[in-house]
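I opened this model to look up surface patches, helix packing and charge pairs. My notes follow in the order I checked them.

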Amino acid sequence: MATIKTIRKRRMSKLRVKEAIQGYLFLAPTLILFTIFSLVTVLMGFIYAFTDMAPGNPDNFNWTLANFQYIFQDKIYLHSILNVFIFALMSVPLSIVSSLLVAALLNRKVKGIKIFRVLYYLPAITSGIATAFIWKWLYNDNYGLLNTILTQWFGLEGIKWVSSQSYFAMFCVAIVSAWTGLGGNMLIYLAGMRSISPELYEAADLDGASGFQKLMHITVPLLSPTTYFIMTMSLIGAFQLYDVVAMIGAGDNYYTQTPVMQITAAFRHGEGGMASAMSVVLFVVIMVVTFITQGLVKERKQ
């Protein structure tokens with residue numbers, strides 16, 4: 001005869017199975033959509049990378065390695081990868097530093113601080129088209145606001161911003177990217193700062209530490225997991241750069257060309273296999289850079 005303890009175990013086991021089934025049922029719609037639109041598409045991209053498939057006729061193709069042979073001889077595509085490396089070196093530190101400083105300034109208990117938090121978060125929810133229109137106007141060589149200030153207010157010569165045939169154009173793109181990501185990263189930093197014990201700052205005040213010293217010796221070290229998360233996501237996003245360059249009219253510049261722009265151009269020209277191969281190369285580059293970054297961060301923590 002089963003004891004009371006055995007009966008309870010059976011009931012708990014049945015309850016856990018029931019809860020697990022209910023959980024999987026709730027997750028099922030998301031898992032199905034993720035599988036169809038993410039996993040399956042990634043797998044098909046890897047398969048088509050070794051074919052000469054055309055988007056208009058995906059069922060008629062031949063297996064080939066010519067796509068990858070062409071890619072590693074394509075100077076424009078290889079240079080576009082170099083461009084996003086340089087963009088990442090510019091935009092990621094700029095985004096992290098600006099977001100951290102803004103979050104530190106807004107992490108104060110003063111009157112009206114919530115209004116400023118909303119204002120700084122506005123870039124994250126502003127329409128991309130509106131953002132592009134404003135920055136395109138600011139950077140315009142002829143009638144842009146920045147050149148108008150330089151020429152009419154200070155009597156200086158106007159600057160070629162995103163049309164400059166140098167990496168200064170990519171730096172201008174990095175500024176736009178950091179501005180658009182400021183709100184979201186700032187919010188993440190604010191959440192991380194709320195988890196820091198106020199007693200640490202109180203002890204620093206007793207020792208006579210300045211605000212900058214508290215930021216560098218308390219806030220920054222304790223926010224290292226948050227910084228690592230933002231850095232990783234920003235790094236991945238940097239290698240997928242496309243929308244900012246296209247929207248502000250810098251897509252024709254050799255120094256602001258990106259791999260995603262080359263992939264899009266290949267699809268437009270009916271070269272689906274080539275575009276898939278470019279996507280695979282970009283995927284490998286992103287994975288390698290991410291793993292190297294993780295390794296360097298782990299070594300630094302140790």
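Helices here are DSSP runs of H or I with at least four residues, numbered from the N terminus. I am working on a predicted model, where local features need pLDDT of at least 70, side-chain atom pairs count only at pLDDT 80 or more, and totals for chains, interfaces and linings use all residues. Residues are numbered from 1 along each chain as its sequence is written, and side-chain values use heavy atoms, with hydrogens and water left out.

**Nonpolar patch**

I looked for a nonpolar surface patch (residues with over 30% relative accessible area and no salt bridge, with Val, Leu, Ile, Met, Phe, Trp or Tyr side chains joined within 5 Å). I found one made of Val42, Phe46, Phe283, Val284, Met287, Val288, Phe291, Ile292 and Leu296. Together they have about 810 Å² of accessible area, by the Shrake-Rupley method with a 1.4 Å probe and only the protein chains shown as cover. Helix 1 (4-48) and helix 13 (272-301) each give two or more residues to the patch. Helix 13 gives the most, with 7 residues.

I then checked Phe283, which lies in helix 13. Its relative accessible area is 39%, so Phe283 is partly exposed (buried is under 20%, exposed over 50%, partly exposed in between).

**Helix packing**

Which angle do helix 4 and helix 7 make? I read about 130 degrees for helix 4 (residues 113-125) and helix 7 (residues 168-194), with their axes 5 Å apart. Axes are lines fitted to C-alpha atoms over the stretch in contact, and angles run from 0 to 180 degrees between N-to-C directions. The two helices are therefore oblique to each other (under 35 degrees is roughly parallel, over 145 roughly antiparallel, 65 to 115 roughly perpendicular, the rest oblique). Their crossing is left-handed (the near helix is turned anticlockwise from the far one by less than a right angle; clockwise is right-handed).

Helix 7 also packs with helix 10 (residues 224-239), at about 160 degrees and with axes 10 Å apart. I therefore noted helix 7 and helix 10 as roughly antiparallel. Their crossing is right-handed.

In helix 7 I picked out Val173. Val173 is buried, because its relative accessible area is 0%. Its C-alpha atom is separated by 43 Å from that of Asp207, 34 residues apart along the chain.

**Salt bridge**

How many salt bridges does the structure hold? I counted 1 (a side-chain nitrogen of Lys or Arg within 4 Å of a carboxyl oxygen of Asp or Glu). Lys214 pairs with Asp205, the closest N and O atoms being 2.8 Å apart. Lys214 is buried at 17% relative accessible area. Asp205 is partly exposed at 44%.

Technical notes:
Patches are made of residues with over 30% relative accessible area and no salt bridge: like charges are joined within 9 Å, nonpolar side chains (Val, Leu, Ile, Met, Phe, Trp, Tyr) within 5 Å. Buried means under 20% relative accessible area, exposed over 50%, partly exposed in between (1.4 Å probe, protein chains only).
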